[in-house]
Structures are given as C-alpha cells and as structure tokens.
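Let's walk through this model together, one element at a time. Have the sequence and the 3D view at hand.

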Amino acid sequence: MHTDVNALFDALWQDYIEMTPSAAKVHQLLAQGEEIINDHIALRTFNLDKVNLSVLAKHFESIGYVASGDYHFEAKKLKAKHFEHPDPNQPKVFISELLVEEFSPELQQKVKALVEQVKVEDTLADNFLYSGRHWNLDFDTYQALLAESEYAAWVAAFGYRANHFTVSINHLPGYSSIREVNETLKQGDFVLNSVGGEVKGSPEVLLEQSSTMADKISVSFADQTAEIPSCFYEFALRYPKADGELYTGFVAASADKIFESTNNG
C-alpha cells in the first residue's frame, strides 16, 4: 500500500493521461501555467468480494482517507461511497461498485469469470489502483456486457485505474463560474457531456458539475483491437454550506448523469 498521498495521485494521473490524451490538453488550456487543484477522482469496480469497493478503499484508508458519504444509483444498479482526507487540499475519492447480482445470469457469469482471474495479492499491491486489467477479455464478451451495462463493459475493458480526474473550479485562477469553463472548453473543440444539460446540479444542491465526453482510444482485446470510450475529465464548482464551509459531498442525481460520459456517443 502507498504511504504517500502525492505519490499515489501522481501515479494515477500518469496512467490517466495515457488513457485520456485530451485531459493533458484540457489541463494545459485551463491552467495557463498555474497549478490545477484536483477536486476528486473516481474508480469503478464490481461488488464481488475479491475486488469490491472496500478492497479499493483500503488503499486510500491506509493513507488517512475516511468514508464520508454513501450513494445508491438504482437505475444503473450501483452503490458508491466517497472518501475524504484530513488535509482538505487532497482530492476526494469516489468509488462505485456494480451490484452484479441484480443483472442477468449471463452478465453475472461473465463478470465472475473475469474476477476469478484476479490474484488476491495483486489487489494488495502498491500499484493496484492504476494497474489496469487483470483478466483476458475478448471483444464479444465486452459487447455482451455493453448491451446490459455500460459500466460493466468499462470495468471489463479498463480494469483498475482512475475513471476521471476533476478540476476544482473553486481553485481555478481566472474563472468564477462553471459556464465560463464550459465555454473555454467548447471553444477549444472539446465535446461536453450534455445528458441532462451541460451543467449538472445547481447552487441549491451546493455542487455544479460538467464533464467532457470520454476519449476514444485503441484497446487490445484477446482477439482484436477496437476503439472504445476510455476516460473523461470533470469540472466541479462547490458552494458554501450554512456554516460557510464548502460542501464536500456528491449529488447522486448529478453523478448519475456524469457516469454517462463514458457512453459510446
């Protein structure tokens, strides 16, 4: 397990920009040479014992992260938790897991066959959170999973790595609203996720979010290579609660739409 928060996030970021070449360009466009503060990252998994949410969470808990909120996504059949570090400048972590037992016997059998190939010791290794795929996957299996759950197909194809990083607009020099950020992105020819509108959430729920649509990258399957959606970049603006502190949680209705940033547009 990592002992250094910064080293872990640096490794996650390096892996993420390999999967998401556009993120490095967005980063450059918005940063204008200044530092960008990462609001949160998200990871995805299956709720099977060997790789479930708590297995991923242990890597963060070992460096001081604490569970700070629970979420349930009924339509997508997911559960999630978010974790916070005692140092508020460290990114929050949002981990979700697919409720495998709520899907068809076919999907359950396919996912179990993938997870059976994972070695327990690999899930404890320092690099597990950015280690990618731990199983053989042919393109037909990917397509069959995709027909039932975009989320299941994504985890099958990409394994363990950050599904997205998130720019904290609160800490972004030169921007005071999420709409200004979105305008800059569109002028830079980046495609935004418009499910439920380009801006998810509102000042009333204390959080506004937007995101790019995932890059398409070439992925090797056991029997062929195919271009599929990889990861995306998110942007978050948080509002103060009644006590003046910025809201640090997540809004399930908005996150539900953000998940669709990896849909095959």
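Gly-159, which comes just after helix α7, takes a positive phi of about 65 degrees. This is a predicted model, in which local features need pLDDT of at least 70 and side-chain atom pairs count only at pLDDT 80 or more, while totals for chains, interfaces and linings use all residues. Residues are numbered from 1 along each chain as its sequence is written, and side-chain values use heavy atoms, with hydrogens and water left out.

Step back into α7 itself, residues 150–158: this helix is mostly covered, with 9 of its 9 residues buried (under 20% relative accessible area with a 1.4 Å probe, protein chains only). Among them are Glu-150, Tyr-151, Trp-154 and Phe-158. Helices here are DSSP runs of H or I with at least four residues, strands are E runs of at least two, and both are numbered from the N terminus.

Moving on, strand β5 (residues 164–168) holds Ser-168. Ser-168 is buried too, at a relative accessible area of 4%. Beyond its neighbours within four places in sequence, Ser-168 is in contact with Ile-37, Asp-39 and Ala-236, where contact means heavy atoms within 4.5 Å.

Now look at a pair of helices. Helix α2 (residues 21–31) packs against helix α8 (residues 178–187) at an angle of about 120 degrees, with the axes 11 Å apart. That angle makes α2 oblique to α8, since angles under 35 degrees count as roughly parallel, over 145 as roughly antiparallel, 65 to 115 as roughly perpendicular and the rest as oblique. From α2, Val-26, Leu-29 and Leu-30 make the contact, meeting Val-181, Thr-184 and Leu-185 of α8.

Key
Axes are lines fitted to C-alpha atoms, for helices over the stretch in contact, and angles run from 0 to 180 degrees between N-to-C directions. Buried means under 20% relative accessible area, exposed over 50%, partly exposed in between (1.4 Å probe, protein chains only).
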